Amino acid sequence: LGDGDYSVVATGSSVSAMLNSARAEFEVAVLVGGEELLARGGAVGAVRNARPGCPIVMVAHSHHPSLIRKALRMGVNGFVPQAKAESVLTLAIAAVIAGQLSVPTRIRERIAWSTLSIREKQVLHLVAEGLTNSEVAARLYLSESTVKSHLSSSFRKLGVSSRAEAAEVVRADLPLDGVHRQESAQVHEE
């Protein structure tokens with residue numbers, strides 16, 4: 001695992017085998033696999049049942065967003081793509097032991113994106129297209145102070161501090177057509 005920061009105290013082909021082979025108490029369970037770890041009766045559920053407070057780090061070959069979201073819903077505290085395990089596994093372990101969630105940056109941004117209201121998403125899309133606050137306000141039939149309020153709230157939720165950073169998240173996560181046009185069609189219905 002790296003520079004002696006952590007040691008392996010148990011291994012096994014199943015959770016019960018791992019728990020039976022444990023030479024000492026362990027602070028975190030690192031599970032390696034894929035979708036099968038999350039299946040009903042899978043390793044994640046078994047660890048949750050056997051050691052409810054034990055943080056879980058999942059190392060998987062796939063790092064598809066839907067797999068990571070499912071892992072988080074199932075109670076996984078850290079997710080590491082297999083290709084990055086050598087460089088980030090010890091960091092993920094340290095984070096989850098400290099009570100933090102550890103997921104790839106791209107997923108963290110998507111999780112934050114899903115917490116935004118429809119109106120906040122609309123404002124961000126228009127900002128990403130280069131519109132000023134007054135232009136956004138005119139397009140969405142809002143006051144300029146309401147646009148500023150939506151931007152402030154969005155920045156906080158996304159963990160960004162500028163229009164440029166917010167626009168980068170929007171461009172990276174969602175195509176500018178599609179969601180914006182679909183949501184803008186709803187503007188007059190609200």
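The model is predicted, so local features need pLDDT of at least 70, side-chain atom pairs count only at pLDDT 80 or more, and totals for chains, interfaces and linings use all residues. Residues are numbered from 1 along each chain as its sequence is written, and side-chain values use heavy atoms, with hydrogens and water left out.

Q: What makes residues 56-60 a strand, and why is strand 2 called mostly covered?
A: Strands are DSSP runs of E with at least two residues, and helices are runs of H or I with at least four, both numbered from the N terminus. Buried means under 20% relative accessible area, exposed means over 50%, and partly exposed lies in between (1.4 Å probe, protein chains only).

Q: Why are strand 1 and strand 3 said to stand at the edges?
A: The open sheet has 3 strands in the order 1-2-3. Strand 1 and strand 3 each have a single partner strand, so one side of each is left without a neighbour in the sheet.

Q: What makes a crossover right-handed, and where is this found?
A: With the strands pointing away from the viewer, the path from the first strand over the helix to the second must run clockwise. The β-α-β crossover from strand 1 through helix 2 (residues 43-50) to strand 2 is right-handed. Strand 2, helix 3 (residues 65-73) and strand 3 also form a right-handed unit.

Q: Why are helix 6 and helix 7 called oblique, whereas helix 7 and helix 8 are called roughly perpendicular?
A: Axes are lines fitted to C-alpha atoms, for helices over the stretch in contact, and angles run from 0 to 180 degrees between N-to-C directions. Angles under 35 degrees count as roughly parallel, over 145 as roughly antiparallel, 65 to 115 as roughly perpendicular and the rest as oblique. Helix 6 (residues 118-128) and helix 7 (residues 133-140) cross at roughly 130°, and are therefore oblique. Helix 7 and helix 8 (residues 144-158) pack at about 105°, with axes 8 Å apart, which makes them roughly perpendicular.

Q: Why is His150 called buried, and which residues does His150 touch?
A: His150, found in helix 8, has a relative accessible area of 17%, and is therefore buried. Contact means heavy atoms within 4.5 Å. Not counting residues up to four places away in sequence, His150 touches Arg119, Glu120, Val123 and Leu142.

Conventions. Two strands pair if DSSP finds at least two bridges between them.
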